[in-house]
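Hello,

Here is the structure I promised to pass on. Please open it first, then read the notes below.

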Amino acid sequence: MPVIAAKRSLRSHPSSPPRKSPRRCTAATANSSPNVNSFGTDENQADPAVVKPRWNPKDGEQIKAVKLALHLSTAPPSVVCREEEQNVVLEFCKGCVEQKKAGSLYICGCPGTGKSLSMEKVKEQLLNWAKEAGLPLPDVLSVNCTTLASTSDIFTKMIGLNQAQGKKVSASPLQQLHNMYSQKSSIKNMTLIVADELDYLITKDRAVLHDLFMLTTFPFSRCILIGVANAIDLADRFLPRLTSLNCKPIVVNFQAYSKDQILKILEERVKELPYSVFQQQALELCARKVAASSGDMRNALSICRSAIEMLEAEIRESACNLNNSLEEISFSKQNLPTAPDFIKKREFDIVRTDHMARALSKTYRSPVVDTIQSLPHHQQIILCSSMNHFRGAKKDAMLGELYKSYVGICKSSLIPPAGILEFSNMCRVLSDQGLIKLGQSREDKLRRVSPKVNEGDITFALQGIRFFHNCLK
């Protein structure tokens, strides 16, 4: 005991230096300095909300800056969570430029997965690489196929890169490209063509799409073609001849964003702002819901902007209530908080989880959700039991099997279940409302039941009711 006391007194002695954990020592050594961004905040901090001051949502300039940072048209400083896909495309383009060899590549994936944004980054990296390597810079043509008046106009844009101005040629743009790529020419630069929304070039005979990819097969072709679209099997469905000619494009698939990726992208968007706008739990809620729904990053950005509008509406409503209270004060002459005190309290607020939840509800709410929420309690239990029953590969079941699931939920919740006849009538009502499909049979128990609504709609409609918390897990 005396030894232990001596050790304790030694550790707490005023002359002894304070102990530091290894993590803190590595983060702040004598020769290192913290990374400070343009706003004067430390970028090494794990939680920016701790460092940054809260914003003032009553400030119009701050509102404008935040919404602009979260707008789809605003290009982020860095494209995160797509480094692997970008590297595949970049290495493909580098190989074509170095070997002076034509080639084609097809980028596909669900909407809002960063395809177009990644291609912009690849173009920038390719030009920088060619400049540093001392190679001829490739000519770059970016075309959004939705803006073309005619599908064949893409060949006009391609020939415009190499054709001298004022020179009149009688041949069509496609024929000029054929002639150019069929023989040696003085043109040394490769041409990178990025055709976004490529599926808009699909015509009845598919000739334009086929001719476009065939340009990379000519002996002296200088064309590096990158097509971008949402359809995963576009090459297999619409370009079967390319496979037989051994010129099928390389396919790079952009998977839907996961919850962690969406959260990281949102944090990158707001990282450069000099103030904390969102509660961390609010961003996590948005990322989790969007990832479970579609993985579309555009929806996540839209929902975050909508959550900011929810906060604005709350502040306006509070200000209106304050004015009403002040009118009452003038008559009663009671000593209540003044307007400046109330406004100061609300001045530095952030977007909370309840704001984000309302924005998510506004975005994903459907008529089906309203219908489910207005159902009687036992019919909601039937839908919940059907959702649990049909999880996995099972697509339908007999009404008697569904009744057993319904009875199980009722008994576990200490609620008296309805009889089989009443249960059958309730299923008939749900079928009339388009929530389930009820087959025909002489016996009610043998009727086939199959779902007609999405499991996500049922979960979203019932998640706010405490009774269903255990059922929905």
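What share of the 473 residues in the protein chain is buried? The figure is 40%. Keep in mind that this is a predicted model.

**Overall**

The protein chain has 21 helices and eight strands. Take the contacts with a separation of 6 or more: residues 24 or more positions apart account for 74% of them. The chain exposes about 27200 Å². Carbon and sulfur atoms supply 52% of that area.

**Helix H6**

Start with helix H6, residues 115-133. It has 19 residues, which should span 27 Å at 1.5 Å a residue. Its end C-alpha atoms are 26 Å apart, which agrees.

Which residues of H6 are buried? They are Lys-115, Ser-118, Met-119, Val-122, Lys-123, Leu-126, Trp-129 and Ala-130. Seen down the axis of H6, these buried residues fall within an arc of 145 degrees, so they line one face of the helix. Lys-131 and Glu-132 are exposed on the other side of H6.

What covers the buried residues of H6? The cover includes helix H5 (83-99) and strand S1 (103-109). It also includes strands S2 (139-144), S3 (191-196), S4 (223-229) and S5 (250-254). Just after H6 comes Gly-134, which takes a positive phi of about 75 degrees.

Look at Lys-123 while you are there. This lysine is found in H6. Is Lys-123 buried or exposed? Its relative accessible area is 10%, under the 20% cut-off, so Lys-123 counts as buried. Leave aside its neighbours within four places in sequence, and Lys-123 is in contact with Val-140, Ser-142, Leu-192 and Val-194.

**Helix H8**

Next, go to helix H8, residues 173-182. Its buried residues are Leu-174, Gln-176, Leu-177, His-178, Met-180 and Tyr-181. These pack against helix H7 (153-160), helix H9 (207-214) and strand S4. S4 is also among the elements that cover the buried residues of H6.

**Aromatic rings**

How many aromatic pairs does the structure hold? There are four. One of them joins Tyr-403 and Tyr-406, with ring centres 6.0 Å apart and planes at 35 degrees, so this pair is tilted. Both tyrosines lie in helix H19 (residues 399-412). They are three residues apart, about one turn of the helix. Tyr-403 and Tyr-406 are both buried.

Phe-467 and Phe-468 form another aromatic pair, and this one is edge-to-face. The distance is 4.9 Å centre to centre, with 85 degrees between the planes. Phe-468 is buried, with a relative accessible area of 0%.

There is also a cluster to find. Ring pairs link Tyr-403, Tyr-406 and Phe-423 into it.

**A charge over a ring**

One last stop. Which ring does the charged end of Arg-82 sit over? It sits over the ring of Tyr-257, 4.3 Å from the ring centre.

Best wishes

Methods:
Residues numbered from 1 in each chain as written. Predicted model: local features only at pLDDT ≥ 70, side-chain atom pairs only at ≥ 80, totals over all residues. Heavy atoms only, no water. Helix = DSSP H or I, 4+ residues; strand = E, 2+ residues; numbered from the N terminus. Buried < 20%, exposed > 50% of the residue type's maximum accessible area, 1.4 Å probe, protein only. Contact = heavy atoms within 4.5 Å. Areas by Shrake-Rupley, 256 points an atom, 1.4 Å probe, with all protein chains shown as cover. Phe/Tyr/Trp six-rings, centres within 6.5 Å; stacked < 30°, edge-to-face > 60°. Lys NZ or Arg CZ within 6 Å of the ring centre and 35° of its normal. Expected span 1.5 Å × (residues − 1). Arc of directions from axis to C-beta.
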